[in-house]
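Thanks for passing this one along.

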Amino acid sequence: MAEDSDLERTEPASDKRLSMAREDGNIPRSRELSTFAITITGVSLLMVFGGRIAVFLRETMRQLLTFDQGSVHSTETALLHFREAIFGTLWQLAPVLGGLTLVAVFVPTLVGGWNLTFKAVEPNFGKLNPLPGIKRIFSLNAATEGLKAILKSLLIGGIATWYIWKERDEVIGLISMPLESSILKMSDMIIRTFFIVTAAMILLVAIDVPYQLWSYYKKLRMTKEEIKQEFKEAEGSPEVKGRIRQLQREAARKRMMQEVPKANVIVTNPTHFAVALKYDDTMRAPQVVAKGSLKLAEKIIDTGKDSHVPVMRSPRFARALYFNAELGEDIPSPLYAAAAQVLAYVFQLQQYQSSGGVAPVFPDQLDVPEELDPYSKRQQDSAPEESR
């Protein structure tokens, strides 16, 4: 299926889709709002500055059309008067042109906001394909724009006709008025007509702005499959995430194995669990530098033996450390006593191996609380069943 139907696009556009649309220059805009704002601003400015501009233009035309003997035979004088007239006219029109420029720049941002991108003007040879253009001609948007144009023509033409018909007596009376007065009167009537017609365009603006916003977000709707695909791209596919987690575990395991030779002792179960402990004068309590079960426990034990790290068999202590102590952190305080017994034995053993003397006695009974050994709990829970 080349393109999803509108019926399938039921989900609102995601933030990523909206951001991509803005990067492509696709943002909501209302032509009616811009047209209304520019027109009403221009008419208002003409109502304020129109009289002054008309007087200036009248005086300028009078000066340009008044000749004396010197100006008739001097081209430079005529050009000087013409240049002064041009710059003077621009100066008089500056408030109107400046106001229109500001409105033309800022009003469109009321719908869609600012958006600076150059993708909209980049060459796109796909636009040369006539088929999309033909589809747009017969699309719902084209029909809506056509309906708006008809409505605009009926509204503006009807209001203009109504106002002129209402002022028909004054229009006919212009014939009997002096030329200068009739021109001023006619200019005033034209400006008022434009103002009334433009004010009526508020109705079009009130319809067009919500429609443009609705149409914009409707076009960017997504299917549920697109939402899922975007989520996968953002979060990563399960296969990739699994591979990343595997690599992270391998890296962490490698770093952990590098700490085994630095340990003071390895406590085992003897093969189900192995925990490497380290302690020196800078530590507040012994810390677990490596731990593992089954094959990893065997690897820790082998690495420790290769590095001449003492390996002690103490099932309850090994299980308590494995299930209650975290890597790189101090062991739980209830295990301080047992750790002290083990480390004391290790230090005495090292002293005996280096200097001789009395061989230390391995501590068979370590002070390990039963609540820290989950296997001890299981044995207690299963004891009544076995007795039955």
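1. A definition to begin with: a salt bridge here is a side-chain nitrogen of Lys or Arg within 4 Å of a carboxyl oxygen of Asp or Glu. Please keep in mind that this is a predicted model. By that criterion R284 and D330 make a salt bridge, with their closest N and O atoms 3.0 Å apart. R284 sits in the loop between strand 2 and strand 3 (287-293), while D330 sits in the loop between helix 13 (315-324) and helix 14 (336-355), so the pair ties together parts that are 46 residues apart in sequence. As for cover, R284 counts as exposed at 67% relative accessibility, and D330 as partly exposed at 24%.

2. How many salt bridges does the structure hold? There are four. One of them joins the side chains of K166 and E167, at 3.2 Å from N to O. K166 is partly exposed, its relative accessible area being 49%, whereas E167 has 10% and counts as buried. The 20% limit for burial matters here, because buried means under 20% relative accessible area.

3. Another salt bridge links E259 with K262, where the closest N and O atoms lie 3.5 Å apart. Both partners are partly exposed: E259 has a relative accessible area of 27%, and K262 has 48%.

4. Next, look at the surface charge. A patch of positive charge is formed there by K241, R245, R249, R253 and K299. Helix 11 (residues 238-259) supplies four residues, the largest share of this patch. R253 belongs to helix 11 and is partly exposed, with a relative accessible area of 42%.

5. Now to the strands. Strand 1 (residues 265-268) has V265 and V267 pointing one way and I266 and T268 the other, and all are buried. In a regular strand, side chains alternate between the two faces of the sheet.

6. Which partners does I266 have on its neighbouring strands? In strand 2 its bridge partner is A276, and in strand 4 the bridge partner of I266 is V311. Strand 1 pairs with strand 2 (residues 273-278) in the antiparallel sense over four bridges, and these two strands form a hairpin with four residues between them. With strand 4 (residues 311-313), strand 1 pairs in the parallel sense, over three bridges.

Definitions and conventions. Residues numbered from 1 in each chain as written. Predicted model: local features only at pLDDT ≥ 70, side-chain atom pairs only at ≥ 80, totals over all residues. Heavy atoms only, no water. Patch = residues over 30% accessible without salt bridge, like charges linked within 9 Å, V, L, I, M, F, W, Y side chains within 5 Å. Areas by Shrake-Rupley, 256 points an atom, 1.4 Å probe, with all protein chains shown as cover. Lys, Arg positive; Asp, Glu negative; His and termini not counted. Charge placed at Lys NZ, Arg CZ, Asp CG, Glu CD. Buried < 20%, exposed > 50% of the residue type's maximum accessible area, 1.4 Å probe, protein only. Pairing = 2+ DSSP bridges.
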